[in-house]
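Okay, everyone, thanks for coming. Let me put the structure up and then I'll talk you through it.

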Amino acid sequence: MAVMRNPYGFPESAAQRAARRVAIQVKLSSALRYAVLYLLCLVITFIAIFPFFWMVSTSFKLPTEAIKYPPEFLPNPITFENYPGLFKYGDVFPFHRFIFNSAYISLIVTVGRVFFSALAGYAFARLRFPGSGVAFSILMIAFLMPPVITVIPLYTFYKEIGWLDTHLPLIVPGVFSTSFGTFLMRQFFKTIPGELSEAARVDGANWWDIFWLIMMPLSLPALAALAIFTFQYIWNDFFTPFIFIDSIQMQTMQVGLRAYAWSFGTEYTLLMAGGVLALLPMMVIYFSLQRYFVQGIALTGIKG
Amino acid sequence: MNGETLAQRQSGLLDRLRFKARTGEAIVGWLFVLPVVVATLVFDVLPMIPAAFFSLHAWDAFTPMRWIGLGNYAALLGDAVFLDSVQNTAIYVIGSVPLSILAGFLLALLINQKIPGVTVFRGIFYLPVIASTVAAGIVFQFLLSPQFGLLNSFLYSAFGIAGPAWLLVRPWAMIWLIIFSIWISMGYYMVMFLAGLQGIPVQLYEAATIDGASSWQKLRYVTLPLVSSTFFFALVIAIFIAVNAFTLVYVLTEASRWGNTSAYNGTRLVVIYVYGEALQRFRLGLGSAVAMFMFIVVGLLTLVNFKLNQRWVFYS
């Protein structure tokens with residue numbers, strides 16, 4: 001009788017044969033499963049990044065190449081002239097000003113908002129004071145306030161106090177009016193064990209010391225997440241500068257680029273170079289600090 | 001002799017100390033939250049009051065306000081442009097909200113699979129979320145441009161079809177607006193659902209496997225109930241974002257109409273209408289009336305959402 005042999009040289013029973021067949025099937029089906037999953041991932045990757053690819057590619061093309069039919073996917077020849085070309089309109093479209101304005105506003109607001117969010121979040125999480133419930137519900141109301149309802153009163157208010165066409169409507173509410181950041185930091189501080197600050201209390205530390213010397217160093221991941229969210233929000237914000245700033249010199253990158261697209265909508269290679277510049281800071285931050293993004297979203301307490 | 005025992009005196013002293021500590025804590029607490037609370041009141045909450053006040057007046061920001069009662073609201077009901085913008089917003093909300101959330105959920109299911117390199121894909125899928133809407137809008141306009149866009153080039157070379165000016169005509173402008181909103185937000189909902197999915201104990205799936213549940217049954221009877229609260233949260237957020245959409249519309253389809261105002265592409269949403277009436281034509285009273293209307297609609301939708309959530313959201 002021809003007995004099939006396994007690698008160990010023992011005769012294989014019917015049960016072993018069946019088990020081996022099943023194992024092969026499982027392996028095959030899991031290989032198939034992997035193939036399908038990877039294929040799906042690749043398709044979605046294409047959808048998610050193709051517009052970015054096309055933007056970067058076009059930004060290195062010659063103007064005639066960008067609108068050529070049939071289109072070519074990679075720039076040939078590669079030109080670097082579109083990036084300096086953005087600045088050719090000087091003070092009519094001062095891209096150096098747009099970049100500077102966006103950068104300094106985003107940095108100030110990020111640092112300020114993280115600090116004041118942490119300070120308030122700490123108090124809401126750890127200190128007992130009368131009226132804290134009311135104060136916190138004010139922040140929650142702000143959460144649900146559509147921007148469209150505040151924009152007209154704020155416009156007239158800023159006009160009254162001379163803030164229109166300055167950076168103050170971006171900076172002051174940006175730094176201080178931080179209901180989301182406060183909520184996020186409060187959620188985080190609640191997860192830090194209370195014994196630590198109790199011990200520090202007993203040793204005579206005051207509330208500020210506990211906040212600054214104990215709580216803050218422990219919350220670096222949450223602070224980083226909030227900083228990234230804030231920078232992203234302020235850097236990408238279109239609505240606020242668009243409404244409250246008039247003169248082109250004062251504009252931010254997003255509104256400046258949109259205005260440029262309005263005036264020179266067919267200069268695709270320059271537009272795409274501008275788009276790359278408008279994206280670049282966030283992309284750099286994103287790829288260097290990716291894990292904090294995910295942590296940050298998980299932190300807002302939206303677990304299932 | 002004051003008649004106090006030592007113990008009484010000690011407890012009195014302790015009380016005073018506790019009182020002092022508590023007062024100190026109260027003062028520090030208020031000091032710490034004060035900047036944020038005051039600013040939130042001034043910039044986010046209190047402006048509601050003047051908005052309600054303006055909405056009862058005719059006002060152009062230059063001449064004094066004139067009380068007209070509910071005149072603005074009555075004018076809105078007879079304003080075909082406003083009613084059209086309400087209809088457009090409804091179409092946009094109904095189109096973009098369920099699809100964005102569904103896309104995010106499916107992406108989360110995909111990313112939650114144990115396959116090597118999956119975190120790289122997670123990073124890529126989230127990319128559109130952090131992108132500047134303006135930059136993304138500009139590249140979409142380029143891709144969809146009637147003469148020079150990649151889509152129409154492809155349609156022509158592959159099928160010999162001359163594609164339309166996608167962003168200038170109905171119904172394509174609205175369809176692309178919805179696609180754009182899904183593209184931009186799917187990664188956001190993905191991460192949200194991922195947090196929900198990863199909070200589900202593995203033992204539940206193991207138990208279901210032992211009971212002979214199919215993949216579909218596991219999804220239906222284990223996963224879905226346990227992420228239903230995430231669905232609810234995503235729904236509240238997505239409706240809020242969609243009803244208040246401005247930048248997305250403005251940079252994609254509204255901006256495409258510039259210099260071509262005869263074309264109407266059916267994407268003037270309510271917030272765009274408010275912007276045009278209040279801040280371009282300075283009809284601040286009318287604009288405020290729309291804002292109040294929006295506030296009530298958003299509030300009602302949120303309320304309905306919270307009422308209905310007891311029916312379908314499962315809290316473990």
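So, look at helix H6 (residues 133-143) and helix H11 (residues 247-254) of chain B: their axes come within 9 Å and cross at roughly 25°. Axes here are lines fitted to C-alpha atoms, for helices over the stretch in contact, and angles run from 0 to 180 degrees between N-to-C directions. Helices (H or I, at least four residues) and strands (E, at least two) are DSSP runs, numbered from the N terminus. That makes H6(B) and H11(B) roughly parallel to each other; angles under 35 degrees count as roughly parallel, over 145 as roughly antiparallel, 65 to 115 as roughly perpendicular and the rest as oblique. The crossing of H6(B) and H11(B) is right-handed, and a crossing is right-handed if the near helix is turned clockwise from the far one by less than a right angle, left-handed if anticlockwise.

Who's touching whom? On the H6(B) side we have B:Thr133, B:Val134, B:Gly137, B:Phe140 and B:Gln141, and they meet B:Thr247, B:Leu248, B:Val251 and B:Leu252 in H11(B). Contact means C-beta atoms, placed from the backbone, within 7 Å. By class, that's five nonpolar, four polar and no charged residues. Ala, Val, Leu, Ile, Met, Phe, Trp, Tyr, Cys and Pro count as nonpolar, Asp, Glu, Lys and Arg as charged, and the others, Gly among them, as polar.

Quick housekeeping: this is a predicted model, where local features need pLDDT of at least 70 and side-chain atom pairs count only at pLDDT 80 or more, while totals for chains, interfaces and linings use all residues. Residues are numbered from 1 along each chain as its sequence is written, and chains are lettered from A and ligands numbered from 1 in the order in which they are written.

Now a pair in chain A. Helix H5 (residues 132-143) and helix H8 (residues 179-191) of chain A have axes that come within 9 Å and cross at roughly 125°, so H5(A) and H8(A) are oblique to each other. H5(A) passes H8(A) in a left-handed crossing. H5(A) brings A:Leu139, A:Ala142 and A:Phe143 to the contact, and H8(A) brings A:Ser179, A:Phe180, A:Thr182 and A:Phe183. Sorted by class, you get five nonpolar, two polar and no charged residues.

Also in chain A, have a look at helix H7 (residues 168-176). Its buried residues are A:Pro169, A:Leu170, A:Pro173, A:Gly174, A:Val175 and A:Phe176. Buried means 20 or more other C-beta atoms within 10 Å of the residue's own, exposed 12 or fewer, and partly exposed in between, with C-beta atoms placed from the backbone. The buried residues of H7(A) pack against several helices of chain A, including H4 (95-126) and H6 (147-160), together with H1 of chain B.

That H1 of chain B covers residues 6-45 and holds B:Leu6. Buried or exposed, B:Leu6? Exposed, with 7 other C-beta atoms within 10 Å.

How do the two chains meet? The contact takes 76 residues from chain A and 78 residues from chain B. On the chain A side, the largest share, 11 residues, comes from helix H1 (residues 14-59). That side divides into 59 nonpolar, 14 polar and three charged residues.

Last, the chains overall. Chain A has 15 helices and zero strands, and 40% of its 304 residues count as buried. Chain B has 13 helices and two strands, with buried residues making up 39% of its 316.

Terms used: Contact = placed C-beta atoms within 7 Å.
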